[in-house]
Amino acid sequence: MKKIIYLISLIALVLSACTEAESEKPYTVEDAKENGDVIVQHQSENFDQIAKGALDVENIQQINSLVEKVEQGKEASVDISIFTPNGDHYKNNISFDGEEVTFENNYGGYKQSPEGTFTCRYLIKREPMVYVSGCQGEDGTEYTTLLGFVGTLTAFKEAKLEDS
């Protein structure tokens, strides 16, 4: 009898876990827009194609604002939502506390930018990309330069026009 009750309890637990997992709504582009994220929608899985502009970017003016605030020594933070062609979502964050840049990279698809959290000395914008440099990973590994953001020249130009 105890085995039957245990089996029934186990089945109920598994079913409730499946129901909860199915009910979790995936983070969408619309969610990212509502939250004010910089949105990057890759049109390819290939990094070289992404770097050449196979992506759509929205809300890029926040990247420009972050760079300006870092240059002024002011605290700032930006969330970057990356969506892959197959619908996967990765949320990165670049923040500045007045002294150090922190790069939280949850997307490992950019060359020479492993997943992890990095403390960096510099934030450098070389359109259409933004780099962090002088970085150290949580495990103590030193990184000269990491790619923090990939945009498009068109998106950066449009953002400058909007700011004018």
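Asp31 lies in helix 2 (residues 29–34), where helices (H or I, at least four residues) and strands (E, at least two) are DSSP runs numbered from the N terminus. The model is predicted, so local features need pLDDT of at least 70 and side-chain atom pairs count only at pLDDT 80 or more, while totals for chains, interfaces and linings use all residues. Residues are numbered from 1 along each chain as its sequence is written, and side-chain values use heavy atoms, leaving out hydrogens and water.

Asp31 counts as buried because its relative accessibility is 14% (buried is under 20% relative accessible area, with a 1.4 Å probe and protein chains only). A polar atom of the Asp31 side chain lies 3.0 Å from the backbone nitrogen of Thr28. Beyond its neighbours within four places in sequence, Asp31 is in contact (heavy atoms within 4.5 Å) with Lys25 and Pro26.

Leaving aside neighbours within four places in sequence, the contacts of Tyr110 include Val40, His42, Phe47 and Leu147.

Helix 4 (residues 61–72) packs against helix 5 (residues 153–163) at an angle of about 75°, with axes 9 Å apart. Helix 4 is therefore roughly perpendicular to helix 5 (65 to 115 degrees). Gln61, Ile63 and Asn64 of helix 4 meet Phe156, Ala159, Glu162 and Asp163 of helix 5 in this contact.

Technical notes
Buried < 20%, exposed > 50% of the residue type's maximum accessible area, 1.4 Å probe, protein only. Polar contact = N/O pair within 3.5 Å; in protein donor to acceptor, adjacent residues only side chain to side chain. Axes fitted to C-alpha atoms, helices over the stretch in contact; angles between N-to-C directions. Parallel < 35°, antiparallel > 145°, perpendicular 65-115°, else oblique.
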